[in-house]
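Work through the exercises below with the sequence and the model open beside you. Each task is followed by a solution that goes step by step.

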Amino acid sequence: MNTTLDRMALGEIAVLLPGASAIFRRYGMDFCCGGDVLLAEAVKEPGVALEQIVAELRALDQSAPRAYPEEPGALIDHILERYHETHRRELPELIRLAEKVERVHASHPDVPAGLAEALRTAAYELETHMMKEEAVLFPMMRLGTHTGIAHPIQRMRIEHDDHGERLREIERLYRNGVLPAEACGSWRALYAGVRKLADDLMQHIHLENNVLFPQFATELPALPICPGMVMPAKQID
Ligand SMILES: [Fe+2]
Ligand SMILES: [Fe+2]
């Protein structure tokens, strides 16, 4: 396995090796939405030496227990408790802290202007997305339904990409957590909370995209040919 790591996809490695996701996160590599990118390709953007990251991955204990169950019902329970409920509990406080920091330090050159609004948008979009999973997709999965499940899975994958885009904007606004030396307690608590949100959200999406969804039929059925849509043959005068 070790000799082929560079030809494996990030999501695949994150599933196979407990601890790999923390390494990818440290190097700013997207293992959840960009989980199908091969390691040899993914190292190019952050400019990490392939040999260095392969060595770090090889040093991981492959037999270490995973922090999540793989059976769909148990994994859905884990996702709901560990991620959906955590996002709902923590995001309102992060928005409150961001509003406070932006207001109190409005004239500071490093103030994360726009962060509260970006977090509000992320919270709204996440809530809408999680409600769809809880009301439609997860109940289908608990029933073992495979027929007709490819479309809702595809929809959720597209929404995960959108969450990833919003997360990148949040990380830009909070300067990847780099604090000014004189930052107050609220500012420090805000950045620590945003970092945790980013880590949680990436792991949440990774578990759905790379562990849960592949256990179900993900091939979209071919579209039926509609006779009304067939273009008429060109008339030759
Ligand atoms: Fe989810
Ligand atoms: Fe999701």
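**Exercise 1. Find how far apart the iron ion (ligand 1) and the iron ion (ligand 2) are, and which residue coordinates both.**

Solution. The two ions lie 3.2 Å apart, and the residue that coordinates both is E133. A donor here is an N, O or S atom within 2.8 Å of the metal (3.2 Å for Na, K and Ca), and because water is not among the atoms, sites may look incomplete. This is a predicted model, in which local features need pLDDT of at least 70 and side-chain atom pairs count only at pLDDT 80 or more, while totals for chains, interfaces and linings use all residues. Residues are numbered from 1 along each chain as its sequence is written, chains are lettered from A and ligands numbered from 1 in the order in which they are written, and side-chain values use heavy atoms, with hydrogens and water left out.

**Exercise 2. List the donors of the iron ion (ligand 1) and classify its site.**

Solution. First, the donors at 1.9 to 2.2 Å are H84 (NE2), E133 (OE), H204 (NE2) and E208 (OE). Next, their spacing along the sequence reads H-x48-E-x70-H-x3-E. Finally, the angles among the four donor atoms run from 90 to 164°, and the site is irregular. Four donors count as tetrahedral if all angles lie between 85 and 135 degrees; four count as square planar and six as octahedral if opposite donors are over 155 degrees apart and all others between 65 and 115; anything else is irregular.

**Exercise 3. Describe the setting of H204 and E208 in helix α8.**

Solution. H204 and E208 are four residues apart in α8, about one turn of the helix. Of the 28 residues of α8, 21 are buried, so the helix is largely enclosed by the rest of the structure.

How values were computed
Helices (H or I, at least four residues) and strands (E, at least two) are DSSP runs, numbered from the N terminus. Buried means under 20% relative accessible area, exposed over 50%, partly exposed in between (1.4 Å probe, protein chains only).
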